[in-house]
Amino acid sequence: MALEPKLVRAKGIAQWAPRFIRCYSAPVTGAIPDTKKKFVPTLGTYPRGFLATGIYVGVKPTNKGTVDLALLVSEKPCSATAVFTKNKFQAAPVVVSRQVLEQRSGEGIRAIIINSGCANAVTGKGGLDDALSMGRAVDACFQSSSDSTPHSTKGQSLDVKTSSTLVMSTGVIGQRLPISKILSAVPIAHSALSATHDDWLLAAKAICTTDTFPKLLSCTFTLPSSPDTTYSLAGMTKGAGMIHPNMATLLGMLFTDAPIPAKTLQPLLTHAVDRSFNAISVDGDTSTNDTLAFLANGAAGGHPITSLMSEDGKALIKVVTAFTQQLSQLVIRDGEGATKFVRVRVTDSSSFADAQKIASTIARSPLVKTALYGKDANWGRILCAVGYTDGLSPGAVVPEKTSVSFVPTDGSEALKLLVRGEPESVDEKRAAKIIDEEDLEIWVDLGGGEDGKGMEEASYWFCDFSHEYVTINGDYRT
């Protein structure tokens with residue numbers, strides 16, 4: 001961390017005291033750091049029939065001009081699903097959005113509205129009313145534009161049973177939303193909707209809190225049954241701290257113009273999330289607001305994908321899983337105070353569940369994370385985390401069969417640290433060079449477990465712990 005000496009006086013005595021300069025957190029100006037600009041897309045290919053925008057409301061009193069309200073809308077009703085936090089203190093928008101999906105059986109969803117600056121969590125009945133009001137305000141925009149769907153709310157008293165809007169919030173816990181400001185801004189956001197890349201990027205910016213850059217991706221793909229039809233998939237997410245998943249993580253949204261019914265979307269999202277958003281960790285904390293939603297409007301046409309066991313379904317699993325992995329990894333790239341991007345890969349496990357538990361334990365270990373920040377190739381901390389992993393199957397870890405290596409990102413040979421329970425004579429200079437890089441892979445081979453037949457593997461992505469992380473979270477509310 002850079003230090004700039006500054007002369008200060010205390011009780012008449014001149015003293016030199018360092019003033020810490022934040023190297024990794026978002027600049028006060030809101031500018032994207034030069035090192036992070038490469039992660040921000042300059043163009044994209046977005047799914048047909050979806051519109052987006054982000055506008056300034058001023059949800060957080062200290063926000064004097066940064067966009068903080070995002071609105072994403074489909075021009076036609078969507079199939080939808082979502083995964084939510086398992087934190088027992090579930091935020092009001094989590095409760096409301098889950099109920100909307102349940103009441104509609106995942107069909108007829110039209111929009112997602114998201115505010116940053118206030119989480120609307122642990123805010124009682126008033127917070128629930130605020131979340132519901134946000135959805136109602138968006139629904140009213142559809143009414144005023146003469147919308148008519150199988151679930152039209154015209155002439156009805158809007159409530160969760162008739163709403164077609166999902167609601168998300170992120171920011172400080174325990175504070176009420178400035179709901180009047182938000183509600184008055186909804187029609188403005190609705191009138192600003194567009195399909196341009198700039199507006200998708202505005203929406204991605206509007207959901208940021210301590211993020212140093214907006215996280216937005218898009219891609220195109222084809223399916224075996226419709227090789228001449230090009231589908232699009234877009235996604236955005238936010239998060240830099242309070243990142244450790246339990247069913248979902250952070251806030252995230254996926255959108256596609258492929259024809260996918262809700263009954264197919266749910267297992268598709270669950271499979272992808274288990275290998276992406278449920279496989280990242282910044283600090284081991286699971287938020288009260290974690291939500292990842294997936295909307296499909298079928299606007300590109302083609303045969304509906306009714307089974308993940310079909311050829312279309314299998315192809316879709318690969319596309320969505322790879323996409324969510326890329327999107328979720330942007331969160332680790334932006335971890336609060338992070339200087340390292342680390343993948344831990346656990347192979348030759350007796351089950352995927354065991355491999356993922358071990359990878360998760362390593363990713364959450366403060367001792368592993370601080371060693372990486374200090375560029376200390378202390379592989380004993382990695383092995384220790386493997387050994388204390390809870391909930392493993394009998395015989396999942398056999399010390400005499402376990403190996404640990406560092407894998408360089410330049411494609412060169414792995415540096416073996418432990419081979420089948422025996423420590424290697426480590427080239428410390430090479431180890432230091434590998435760990436000095438921003439990107440690193442830790443490889444743990446379980447040797448097949450007790451019966452030697454294990455072939456499953458799992459990966460987790462995480463970052464290091466730095467002084468900067470403490471600084472950011474020490475004054476988060478100020």
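Mentor: First, the ground rules. This is a predicted model, so local features need pLDDT of at least 70 and side-chain atom pairs count only at pLDDT 80 or more, while totals for chains, interfaces and linings use all residues. Residues are numbered from 1 along each chain as its sequence is written, and side-chain values use heavy atoms, with hydrogens and water left out.

Trainee: How many helices and strands does the protein have?

Mentor: Eleven helices and 17 strands. Both are DSSP runs numbered from the N terminus: helices are H or I with at least four residues, strands are E with at least two.

Trainee: Why is Phe 84 called buried?

Mentor: Buried means under 20% relative accessible area, exposed means over 50%, and partly exposed is in between (1.4 Å probe, protein chains only). Phe 84 has 8%, so it is buried. This residue is found in strand β4.

Trainee: Is Phe 89 buried or exposed?

Mentor: Exposed, because its relative accessibility is 56%. Phe 89 sits in the loop between β4 (69-84) and α1 (92-104).

Trainee: What makes Phe 89, Val 122 and Ile 173 a patch?

Mentor: Patch residues have over 30% relative accessible area and no salt bridge; like charges are joined within 9 Å, nonpolar side chains (Val, Leu, Ile, Met, Phe, Trp, Tyr) within 5 Å. A salt bridge is a side-chain nitrogen of Lys or Arg within 4 Å of a carboxyl oxygen of Asp or Glu. These three form a nonpolar patch on the surface, with about 290 Å² of accessible area together. Such areas come from the Shrake-Rupley method with a 1.4 Å probe; for residues, only the protein chains shown count as cover.

Trainee: Why is Ser 105 called exposed?

Mentor: Because its relative accessibility is 57%. Ser 105 lies in the loop between α1 and β5.

Trainee: What makes strand β3 mostly covered?

Mentor: Six of its six residues, 50-55, are buried. Phe 50, Ala 52 and Gly 54 point one way, and Leu 51, Thr 53 and Ile 55 point the other. In a regular strand the side chains alternate between the two faces of the sheet.

Trainee: How do you know that β3 and β4 pair?

Mentor: Two strands pair if DSSP finds at least two bridges between them. β3 and β4 have six, in the antiparallel sense. One example is Gly 54, whose bridge partner in β4 is Ala 70.

Trainee: What joins β13 to β16?

Mentor: Five bridges join these antiparallel strands. Val 404 has Val 444 in β16 as its bridge partner.
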